[in-house]
Amino acid sequence: MKIKAAVLHEPGVPFKVETIDLAEPREGEVLVRIAAAGICHSDWHLMTGATQHALPVVPGHEGAGTVVTTGLGVSRIKSGDHVALSWAPSCGTCYYCLHEKPSLCETFVGPLWAGTMLDGQTRLSKNGEPIYHFSSLACFAEYAVVPEVCCVPMAKDIPMTIAALIGCAVTTGIGAVLNTAQVRPGSSVAVYGAGGVGLNIIMGARLAGAAHIIAIDTNETKGDIATEFGATEILISGPEVINAIKRITGGRGADYVFEAVGLPHVQEECLSAVRPGGMVILAGLSAMGSSTNIPGAILTRQEKTITGSYYGSANPTRDFPLYAGLYQRGFLALDKLVSRTYTLEQINEAYAEMLSGEIARGLIVY
Ligand SMILES: [Zn+2]
Ligand SMILES: [Zn+2]
């Protein structure tokens with residue numbers, strides 16, 4: 001079928017909205033009519049080249065929609081279902097899937113980063129030339145063929161914009177708090193970066209009962225937004241931040257420090273912001289090939305822990321309905337995340353607004 005999609009042909013060149021071909025779903029795949037797709041920084045990393053990927057590619061990995069048809073052997077999902085899409089398909093049987101780390105599934109990591117479906121081929125093309133799928137989803141498009149294992153059914157009263165956000169920012173942020181760090185009630189939490197993921201970390205910390213939730217950002221507007229989501233103290237990035245965090249936390253530093261920016265110098269600052277015996281959680285994606293100076297002398301003597309958190313250490317099939325239920329019962333203010341919606345044609349404008357830092361989260365609505 002012919003579909004309209006936003007295609008990235010090369011880094012640095014704006015997304016081009018064009019008509020391309022989408023093949024039928026094959027065995028174990030599903031055709032989804034995309035209803036909403038979030039404007040997430042991870043797609044922008046393709047634009048800057050910080051994430052290297054096969055080109056041309058249709059980005060978009062934070063999506064939700066309605067199942068139109070299903071391929072052979074699809075048993076969990078049927079046409080008409082509303083689904084939130086997971087960008088980390090897991091096989092259920094490899095070492096990581098069996099050890100409660102499905103976001104690290106080793107079966108699908110190859111095709112995922114090759115930009116293909118799980119059988120190593122693309123369903124997208126133009127004039128017979130392949131177009132690659134970002135994260136096996138490619139949801140900056142009216143329709144997407146996705147693996148069944150990426151689909152998590154959602155109750156029909158969950159708005160599609162919210163379902164889309166559950167597919168990336170919500171799961172990455174709240175999962176980092178609840179799954180990766182397992183923040184304890186009464187603790188102190190510092191969050192570097194109050195973007196889509198950072199705001200969800202703040203919401204997760206409130207859910208976990210943190211006593212102090214300190215948000216640090218370069219942008220004052222982001223500070224105001226962070227307060228709405230539950231931050232108890234706002235700090236503007238600069239040389240005084242570490243002292244301010246210590247003042248708030250009895251001179252020790254925070255129990256948990258989350259990095260939701262993905263910059264080596266911020267990651268290094270996190271180590272100064274965390275108390276001895278505390279935990280630094282790196283949840284922001286830094287550029288491939290970048291590296292961070294982590295002084296082992298401090299780690300050992302002060303028993304600080306540094307851990308990565310990829311997709312909130314999520315099990316999407318378990319966690320997406322959990323977050324949707326918390327939203328329905330009023331425990332997660334996900335409506336507040338949806339600051340602006342755009343048409344697919346406005347995608348370049350949407351990314352410019354994301355980079356300006358003035359909004360919580362924008363979404364393409366089809
Ligand atoms: Zn994302
Ligand atoms: Zn697996």
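How much space lies in the second largest pocket? In this predicted model, the answer is about 200 Å³. The lining of this pocket is made up of 13 residues. Ser-90, Gly-92, Pro-102, Asn-315 and Thr-317 are the ones nearest its centre. By class, the lining has six nonpolar, five polar and two charged residues.

Rolling a probe the size of a water molecule over the atoms shows where empty space is left. One cavity of 30 Å³ or more was found in the structure. The largest cavity holds about 30 Å³ of space. Its lining consists of Ile-3, Val-58, Leu-124, His-133, Leu-137, Ala-138, Ala-141, Tyr-143 and Ala-144. Eight of these lining residues are nonpolar, one is polar and none is charged.

Val-58, one of the cavity-lining residues, also belongs to the largest nonpolar core. That core has 103 residues, and Val-58, Phe-140 and Phe-258 have the most contacts inside it. Helix H4 supplies the largest share of the core, 12 residues. Beyond its neighbours within four places in sequence, Val-58 is in contact with a series of residues that includes Ala-5, Ala-6, Val-7 and Ile-20. Further along the chain, its partners include Leu-124, Ile-131, Tyr-132, His-133 and Phe-134. Ala-138, Phe-140 and Ala-141 are also among them. Another core, of 17 residues, lies apart from the largest one. Its members include Ala-190, Leu-235, Ile-242 and Ile-245.

The zinc ion (ligand 1) has three protein donor residues: Cys-40 (SG), His-61 (NE2) and Cys-168 (SG). In sequence, the donor residues follow the spacing C-x20-H-x106-C. Cys-40 and Cys-168 link distant parts of the chain, 128 residues apart. Cys-40 sits in the loop between strand S3 (29–38) and helix H1 (41–48), whereas Cys-168 sits in helix H4 (residues 160–181). Both cysteines, Cys-40 and Cys-168, are buried.

Helix H4 also contains Met-160. Met-160 counts as buried because its relative accessibility is 16%, under the 20% cut-off. Leaving aside neighbours within four places in sequence, Met-160 is in contact with Ala-35, Ala-36, Ala-64, Gly-65, Thr-66 and His-82.

Helix H1 is mostly covered, with six of its eight residues buried. The buried residues are Ser-42, Asp-43, Trp-44, His-45, Leu-46 and Met-47. Their cover includes S3, strand S4 (57–58) and helix H11 (347–356). Just after H1, Gly-49 takes a positive phi of about 90°.

Several backbone features call for separate mention. Most residues other than glycine have a negative phi, and most peptide bonds are trans. A cis peptide bond joins Leu-55 and Pro-56, with omega about -10°. Pro-56 lies in the loop between H1 and S4. Ser-135 is not a glycine, yet its phi is positive, at about 55°. Ser-135 lies in the loop between S8 and S9, and its 6% relative accessibility counts as buried. Tyr-311, also not a glycine, has a positive phi of about 55°. Tyr-311 is in the loop between strand S16 (305–308) and helix H10 (316–328). With 1% relative accessibility, Tyr-311 counts as buried.

Ser-136 lies in the loop between strand S8 (129–133) and strand S9 (143–147). Its relative accessibility is 0%, so Ser-136 counts as buried. Not counting residues up to four places away in sequence, Ser-136 touches Pro-89, Leu-112, Thr-116, Met-117, Val-145, Val-146, Pro-147 and Cys-150.

Glu-268, in helix H8 (residues 264–273), counts as partly exposed because its relative accessibility is 29%. Beyond neighbours within four places in sequence, Glu-268 is in contact with Thr-292 and Asn-293. Glu-268 and Asn-293 are 25 residues apart along the chain, and their C-alpha atoms are separated by 6.6 Å.

Technical notes. Residues are numbered from 1 along each chain as its sequence is written. Chains are lettered from A and ligands numbered from 1 in the order in which they are written. This is a predicted model: local features need pLDDT of at least 70, side-chain atom pairs count only at pLDDT 80 or more; totals for chains, interfaces and linings use all residues. Side-chain values use heavy atoms; hydrogens and water are left out. Donors are N, O and S atoms within 2.8 Å of the metal (3.2 Å for Na, K and Ca); water is not among the atoms, so sites may look incomplete. Helices (H or I, at least four residues) and strands (E, at least two) are DSSP runs, numbered from the N terminus. Buried means under 20% relative accessible area, exposed over 50%, partly exposed in between (1.4 Å probe, protein chains only). A nonpolar core is a set of buried Ala, Val, Leu, Ile, Met, Phe, Trp, Tyr and Cys residues joined through side-chain atoms within 4.5 Å. Contact means heavy atoms within 4.5 Å. On a 1 Å grid over the protein atoms alone, a cavity is a set of points where a 1.4 Å probe fits but cannot get out, and a pocket is an open set with protein on both sides within 12 Å along at least five of seven lines; lining residues have an atom within 4 Å of a point. Grid points are joined across faces, edges and corners, and a volume is the space filled by probe spheres set on the points. Ala, Val, Leu, Ile, Met, Phe, Trp, Tyr, Cys and Pro count as nonpolar, Asp, Glu, Lys and Arg as charged, and the others, Gly among them, as polar.
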